[in-house]
Amino acid sequence: MSVQGHTSGSNSRWLVAAAVAAALVNALPVAAAEDGLEEVAITGSRIVRRDLTAASPIVTVNTQSLENSSTTAVESVLQQLPQFVPGGNQFVSGAQAGAAQTPGIATLNLRGLGPNRNLVLVDGRRPQPANASLVVDINTIPQAAIQGVEVITGGASAVYGPDAIAGVTNFILKKNFEGLDVDAHYGITEQGDGSEQRISALMGMNSSDGRGNVMFSIDWTKRDAVYQKDRDFYVNGWRDTTNAGGDFPQAPGLATGGNAGLPTNNPSAAALCGVVGVALSSTGTCSVADVRFNNDGTAFAPGAGLGAAGYKGPLGALDAGRFTMVNKLANGNFDQKYTTQFASTPLERHSLFMKGRYEVTDNIEATLQASYSNNKVLTRGNLAPGVTVWSVPVPRDSRTLPAALNTLLDSRPNPTAPWALFQVLDWFGPLKSTNTSNVWQVMAGLNGKLGIKDWTWEAYYSRGSTSTLSETVTPSLQRYAMLINAPNFGKNAKITSPPTGVLAGRGYQLDCTSGIPVFNEFTPSADCLNSVQTRTRQITELTQDILEANVQGGAFDLPAGESRFALGVSYRANDFRFDPGYPVEQIMDNPIGLFASNGTKGSTNVKEAYGEVLLPVVKDLPFVKSLDLELGYRLSDFDTAGNVNTYKGLFTWKALDSVTFRGGYNYATRAPNTAELFTGPTLLVVPFPEGDYCSVTTQSKYGNVASNPDRAKVQALCQAIIGNTTTPFSASPSTFSRPGGPAFFPLEIEVTKGNPKVGPETAQTFTFGAVLSEPFGAPNLVVTADYYQIKVTDAIAPISSTTVYGRCFNPATNPTYSVTNEACQLIARNPITGDREQTIAAYSNLGTINTSGIDMSLAWSHEVGPGNFAVNTTLSWLSKYDYQPVAGGTTNVAKGTLDQGGQYDYRLLTNFSYRVADINLGLQWRHLPAVESAAKGIAPTTTQQGTGTYDVFGLNASYAMGKVTFRAGIDNLLNKAPPSLNYIPGGDSNTDNTNPSFYDILGRRFFVGVKAKL
């Protein structure tokens, strides 16, 4: 038997909250009499009350919604709600960890303001964070104990803390549970992969005297991987000859222009053009800058505009070794795409949860709660690129080389000098990162009655710890270089005393039987792989201590009723340490494919005091059944930012029995978190949609393109940033494109770092809405509409590469094209190749974020035939999402684009259900309108296209047979394929590009489950 107590998590509360919010997913609206309600505290306020009409808009999700899905990922279910923009989830993969980047975690992002501006709570209290940005990994919340989720979408900083700018997601756990619930769930895709399994048990019992209760849950979840190469969407996109990729050619090649720390020593123009069969220009120059080699030793030119001259390998082959998924594009260019990425990451989770309470006296109750979660997520990067900064020098010795390569080397000014090898290490496999987190939290507290009216109090202490190990398997640059430098590329090499100089190392014992595959393609022997392999271990450790005390109750009587109050004080401290495992200082064993970063450590603490008051103003007047004011103030004393103020003023006006208005104002001041203050310099690869402004392939009208009337000034500025006149850019600025790789490369390297001088940001939130219960006498109909506006000023963020280049090259912000411009000073370019190197992205107080819109919902049920039919729909309509990347700078308009996580004009989620006796059938419909590309929000003149409307359906059913309930369903019922994004007319079709957080890449999926209540 399963029994749930009638406290703040009672069944009555959930039924009424559902009707008020009109946002239950897959639930029937049920009427409940107010006289049967107990006093509870709803999310968004600490004041206990009987009236459950919240002054802030609340979306409520029940456990049935979490179960009626093929996925076991709670965050994926919540992210379907229109108020959420996808954060971290199973579709986000990568091998690069950092102080504020934890591969594999699941986060929530309300309104697209960022996971660090949306506060996640468990029973109104802060759970243990995941990293220095203090976001919460949803994977660590004990899923078996969840009773429901309440989402405040209008800001709640005065109640819970300044970081609740966008709102609060409160996971409410079961209370006073007695009995045993066992649940098993299994889901799998139609393709037979990506299976998801979950087994959980929840046990609870009361003490013999009825004064205590103990509850214990155990949960095991496993999710298998899905690979992009197993989905037609990706494979067809890779084979599309109008779809240019952004990956390096995997075949080995000769790096020109100076690489691997070698001086420039290029082959002659005649030799370059001769080996690939390209004619010299009329001036005797050769446009070939990159030479690669076929398996037969002949040379080919993968550079843009050369028609893949000399290439002899297969085209469009899915499994062809280093020539996998090579294409000759419609414009004749050589192109290759990597096929090793996950579409969905694998995960395994174990969690334990315990909660006990005991009434020590009639007025004092002791509580103890403990949770532990072990999560292991495997993520992947691309193939290790032994190119550019990871190219290696090769001595000109007696080793056997292709004849075409010898021709090139002999034509150099210094033919006996070492040469630089470009090679993607396809034989090593993709970079893989195993991310294991251990998170625990213990809370101990007392609560009780004060003996004054109905006043109650609570005090508790919480201690939590997060330990995350990201172990990444990569090839070592130094050991790879040693074997490449050995005779015959390391065949039968035994290196016990590494040579001196740039290849020096300590303690290496390298054995390599087969040698390293370079111009001959083969699988290297195990000892070669072991000799090259290095394991980097990035360690994150975070502790959080919370001490809090609260008191609440009735204050004094007013003509309209009793006023109520809540007061509290708290202390919170966070200590953080991140050890990268591959710091900048480490020169002996650099991993190929990962960027160096520095360690991070720091601590913050805050002392807070808050007060709330609920004031009944008037009641029982014409058109004013009741009018209540809810006021709150919080003073926060941060050790880094000093005293900051947060406050709110909300109202609830019940005009008629069927009409209630609500709304108000919230003001918050958020101090910078540990990541924003202390992150050590960390290199991150980020999107750069317009491409390099100094390249002729850029999509920016302010870049090095013929249509720019200031092109000569742009070229002069590019050369000034490079700092010399000896690079390939200086040789031919009007034809310069990215050397050694894809000409158009929409990624950039940012060096993100903390800033101890960054100040707080402020936010203002306005809400106004109405709740209509059975309007015009329509039975069982509840309609809500809530307007919101959130404005963040002095927003804390690192300045993006797109903003840096835009402000450097835009004549409106740099009219003289001066290299001393503040933005230009943040750009670094390679002094040898002239290519992009990186931008500096320190956390700063930048510009503003201003978003507004209307959330609407409708819930209705009616008897139809032998059963009850219900429909529930939630619509979020966006009227504005503007942001300034830099204070006083250009305002970007994200509305209607995929910028800022995806700011659609509107989003719609609708659920239909029909219940007959113990059988329930449900149909879910999720609708997305047409949307512009993310680049449109950043650069309105871009030609990148978005996509059209998208609809996906899910079917579910359940049958209760006594104490056992069976469930089953189909997600993506019609097997709707994802749309492609970022099509460039006349250019790249981007047919392998989509957003898997919005558009379904897994295809039709089936699930079954069973729950037994014993």
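Mentor: Helices here are DSSP runs of H or I with at least four residues, strands are runs of E with at least two, and both are numbered from the N terminus. By that naming, Pro-746 is found in the loop between helix 12 (728-731) and strand 31 (747-753). The model is predicted, so local features need pLDDT of at least 70 and side-chain atom pairs 80 or more, while totals for chains, interfaces and linings use all residues. Residues are numbered from 1 along each chain as its sequence is written, and side-chain values use heavy atoms, with hydrogens and water left out.

Trainee: Why is Pro-746 called partly exposed?

Mentor: Buried means under 20% relative accessible area and exposed means over 50%, with partly exposed in between (1.4 Å probe, protein chains only). Pro-746 has a relative accessible area of 30%, and therefore counts as partly exposed.

Trainee: Which residues is Pro-746 in contact with, leaving aside its neighbours within four places in sequence?

Mentor: Contact means heavy atoms within 4.5 Å, and on that basis Pro-746 touches Val-686, Pro-687, Phe-688 and Pro-689. Ala-225, 521 residues away along the chain, has its C-alpha atom 27 Å from that of Pro-746.

Trainee: What makes helix 6 and helix 7 roughly antiparallel?

Mentor: Angles run from 0 to 180 degrees between the N-to-C directions of axes fitted to C-alpha atoms, for helices over the stretch in contact. Under 35 degrees counts as roughly parallel, over 145 as roughly antiparallel, 65 to 115 as roughly perpendicular, and the rest as oblique. Helix 6 (residues 269-276) and helix 7 (residues 403-410) pack at about 170°, with their axes 9 Å apart, and the pair is therefore roughly antiparallel.

Trainee: Which residues of helix 6 and helix 7 meet?

Mentor: Ala-271, Leu-272 and Val-275 from helix 6 meet Ala-404, Thr-407 and Leu-408 from helix 7. This contact divides into five nonpolar residues, one polar and no charged, where Ala, Val, Leu, Ile, Met, Phe, Trp, Tyr, Cys and Pro count as nonpolar, Asp, Glu, Lys and Arg as charged, and the others, Gly among them, as polar.

Trainee: Which residues of helix 6 are buried, and what covers them?

Mentor: The buried residues in helix 6 are Ala-271, Leu-272, Cys-273, Val-275 and Val-276, and their cover includes strand 10 (290-293), strand 11 (299-300) and helix 7. After helix 6 comes Gly-277, with a positive phi near 80°.

Trainee: How do you know whether Phe-489 is buried or exposed?

Mentor: Phe-489 has a relative accessibility of 7%, so it counts as buried. It lies in the loop between helix 8 (477-485) and strand 22 (493-495), and it has a positive phi of about 55° although it is not a glycine. Most residues other than glycine have a negative phi. Asn-990 likewise has a positive phi, about 50°, without being a glycine, and at 12% relative accessibility Asn-990 counts as buried.

Trainee: What makes the protein chain as compact as a globular protein of its length?

Mentor: The secondary structure of the protein chain comes to 14 helices and 44 strands. Its radius of gyration is 31 Å, close to the 31 Å that the globule rule gives for 1014 residues, so the chain is as compact as a globular protein of that length. The radius is taken over C-alpha atoms, and the rule is 2.2 Å times the number of residues to the power 0.38. Along its principal axes, the C-alpha trace spans about 95 × 60 × 55 Å, and 59% of the 1014 residues count as buried.
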